[in-house]
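Biologist: I have a model open and would like to talk it through. Can we start with the overall picture and then go to the details?

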Amino acid sequence: MHSFFESNLHIAQYVPFGLIIAIIIFTAIGWSVGLYRLKKYGESGAVIRDSLAAAIFGLSALVLGFTFSGSASRYVDRMDAIRVQAQTLQQVYGSLKYLNKNDQVVVKKSLDDLLDARLTAYKNLIAMSDIDAGGAKIMAATRKIQEDVTQATLNTSSENKAFATGLLTSQVSNLATAFAAGVIDTKSHPPSLLLKFLFALLCIGAFLIGYTMVLKNETDWLLASLYTLLIGISIYVILSLELPNLLMPYEEVNRDLLMLKDAVR
């Protein structure tokens with residue numbers, strides 16, 4: 001993503017409005033160019049090739065669909081990662097009974113700290129560096145759990161030793177893997193080049209809309225307005241899928257973790 005955008009994530013919610021304004025401007029430019037060519041060359045000299053216009057609109061639709069598909073796929077991966085994180089945490093909570101009483105208190109506190117770190121890591125994001133910092137806190141909390149459980153298994157009674165070293169240790173390993181994958185998923189975004197190319201194509205398409213309406217004398221501002229609105233909504237949906245912690249309801253994104261927190265407290 002662009003460095004300015006990386007430092008100002010809050011502007012993501014305004015990007016669709018900026019794109020709508022850009023589409024309106026480029027439509028007006030296309031309209032003006034069409035009028036100029038029509039006056040200068042007449043109806044016979046100013047023509048538009050439908051095949052070329054269709055190719056540009058088709059390319060725009062292809063890139064928009066590709067971007068949306070990628071964003072939706074990454075969103076599903078992030079939501080699945082959250083569900084797996086909640087599940088692995090719940091499993092470890094359930095296996096604390098195999099530890100000594102004092103070790104149960106220590107490990108439970110570490111688990112609570114990890115859960116709190118995960119729930120707060122991606123709130124009130126301002127820059128991409130905040131995502132990196134949140135991920136670092138999560139990984140540090142995960143590491144602390146691994147250390148505490150390793151130490152606790154050494155103190156476990158002989159009757160629970162097999163469960164602690166086999167079952168609990170395996171669950172903690174799965175927990176660490178799940179949270180590491182979640183951190184990576186949160187950082188995964190489409191390349192800035194793809195987004196810039198998409199915006200350029202949409203602006204070129206807006207230019208062609210204005211240009212075509214003049215040359216073909218087929219003015220339909222209702223459909224043009226609907227097109228502009230739908231493009232703005234599409235971009236907002238894509239950005240919401242890419243930045244769910246910023247543009248989607250907090251409770252919806254973290255539902256499984258919040259339910260787990262209520263259950264263990």
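Modeller: First a term: the radius of gyration is taken over C-alpha atoms, and the globule rule is 2.2 Å times the number of residues to the power 0.38. For a compact globule of 265 residues that radius would be near 18 Å, but the protein chain has 27 Å. This is a predicted model, where local features need pLDDT of at least 70 and side-chain atom pairs count only at pLDDT 80 or more, while totals for chains, interfaces and linings use all residues. Residues are numbered from 1 along each chain as its sequence is written, and side-chain values use heavy atoms, with hydrogens and water left out.

Biologist: What does the C-alpha trace span along its principal axes?

Modeller: About 95 × 30 × 30 Å.

Biologist: How many helices and strands does the chain have?

Modeller: The protein chain has eleven helices and zero strands. Both are DSSP runs numbered from the N terminus: helices are H or I with at least four residues, strands E with at least two.

Biologist: OK, helix packing. At what angle do H5 and H6 pack?

Modeller: About 175°, with the axes of H5 (residues 128-154) and H6 (residues 158-187) 10 Å apart. Axes are lines fitted to C-alpha atoms, for helices over the stretch in contact, and angles run from 0 to 180 degrees between N-to-C directions. H5 and H6 are therefore roughly antiparallel. Angles under 35 degrees count as roughly parallel, over 145 as roughly antiparallel, 65 to 115 as roughly perpendicular and the rest as oblique.

Biologist: And H3 with H11, parallel or antiparallel?

Modeller: Roughly parallel. Helix H3 (residues 50-94) packs against helix H11 (residues 255-264) at about 20°, and their axes are 8 Å apart.

Biologist: Which residues of H3 and H11 meet?

Modeller: On the H3 side they include Ile82, Ala86 and Leu89, and on the H11 side Leu257 and Leu260 are among them. Contact means heavy atoms within 4.5 Å.

Biologist: New topic: Ala176. Buried or exposed?

Modeller: Ala176, which is in helix H6, has 13% relative accessibility and so counts as buried. Buried means under 20% relative accessible area, exposed over 50%, partly exposed in between (1.4 Å probe, protein chains only).

Biologist: What is Ala176 in contact with?

Modeller: Leaving aside neighbours within four places in sequence, Ala176 contacts Thr142 and Gln146. The C-alpha atoms of Ala176 and Ala141 are 9.7 Å apart, and these two residues are 35 residues apart along the chain.

Biologist: How much of the whole chain is buried?

Modeller: Of the 265 residues, 42% count as buried.
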